[in-house]
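This report looks at a protein through a few of its residues and then through its overall make-up. Please have the sequence and the structure at hand while you read.

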Amino acid sequence: MKKVIISAIAVLMIALTFASCYDPYAGIKDKSKKPTAATQSSTKKKDETKKKKVSDEKYEDDLNGLRDFMKDSGYIKVEDNNVTKMQADLIGAKKGNKYVDGDIRVELYEYDLKKENKKRDETIESVKNDGTFTLYSEKIPAYLSDNGKYLMVYTNPAADDKNSDAYKIKQNAIKAFKGFKAK
């Protein structure tokens with residue numbers, strides 16, 4: 001019985017030691033000025049204003065051009081560890097990549113509109129009709145560019161609240177995406 005009590009006390013002491021090492025205000029120089037909801041909100045608004053309007057004229061009309069356009073607009077982050085090559089052929093696309101930044105997941109796909117492709121046509125038609133396509137029996141919300149050449153899946157759980165900054169950013173990202181090479 002003594003061994004159990006001693007073990008429990010040892011575990012408790014270790015847990016308290018680890019918990020005491022965490023300082024949520026470590027990045028704040030003056031610890032008496034802890035961040036408030038207002039401070040965090042203004043920081044988010046500053047981040048939102050960093051999303052700048054970028055013209056698509058200097059970008060190639062391909063998936064890499066779209067990626068660079070969305071990156072320069074501030075809607076995706078492109079780093080070695082956050083890009084995944086997708087199996088684009090599952091939705092009839094020529095190629096596609098997924099970009100992850102925290103809870104935000106953006107998938108960009110490019111279609112070859114010249115060749116005949118039944119899966120591509122089904123996917124595009126489904127997105128045009130109800131804003132989703134079906135993959136592995138799951139309906140996935142997606143957006144089609146105005147020129148019909150690109151498809152985007154944008155996922156951010158925080159964007160479900162229509163009053164949130166995340167929702168506004170998502171709407172701006174969709175608008176930028178849809179307008180890419182629309183002329």
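## A buried asparagine

N97 has a relative accessible area of 16% and is therefore buried, a word used here for residues under 20% relative accessible area with a 1.4 Å probe and protein chains only, whereas exposed means over 50% and partly exposed lies in between. The model is a predicted one, in which local features need pLDDT of at least 70 and side-chain atom pairs count only at pLDDT 80 or more, while totals for chains, interfaces and linings use all residues. Residues are numbered from 1 along each chain as its sequence is written, and side-chain values use heavy atoms, with hydrogens and water left out.

N97 belongs to strand 2, residues 95–101, where strands (E, at least two residues) and helices (H or I, at least four) are DSSP runs numbered from the N terminus. Leaving aside residues up to four places away in sequence, N97 touches several others, including L63, V83, M86 and L108, a contact being heavy atoms within 4.5 Å.

## Two residues with positive phi

Most residues other than glycine have a negative phi. S137, in the loop between strand 4 (132–135) and strand 5 (138–141), has a positive phi near 65 degrees, and S137 is exposed, with a relative accessible area of 77%. K181, in the segment after helix 5 (165–179), also has a positive phi, of about 55 degrees, but K181 counts as buried at 18% relative accessibility.

## The whole protein

The protein has 5 helices and 7 strands, and 31% of its 183 residues count as buried.
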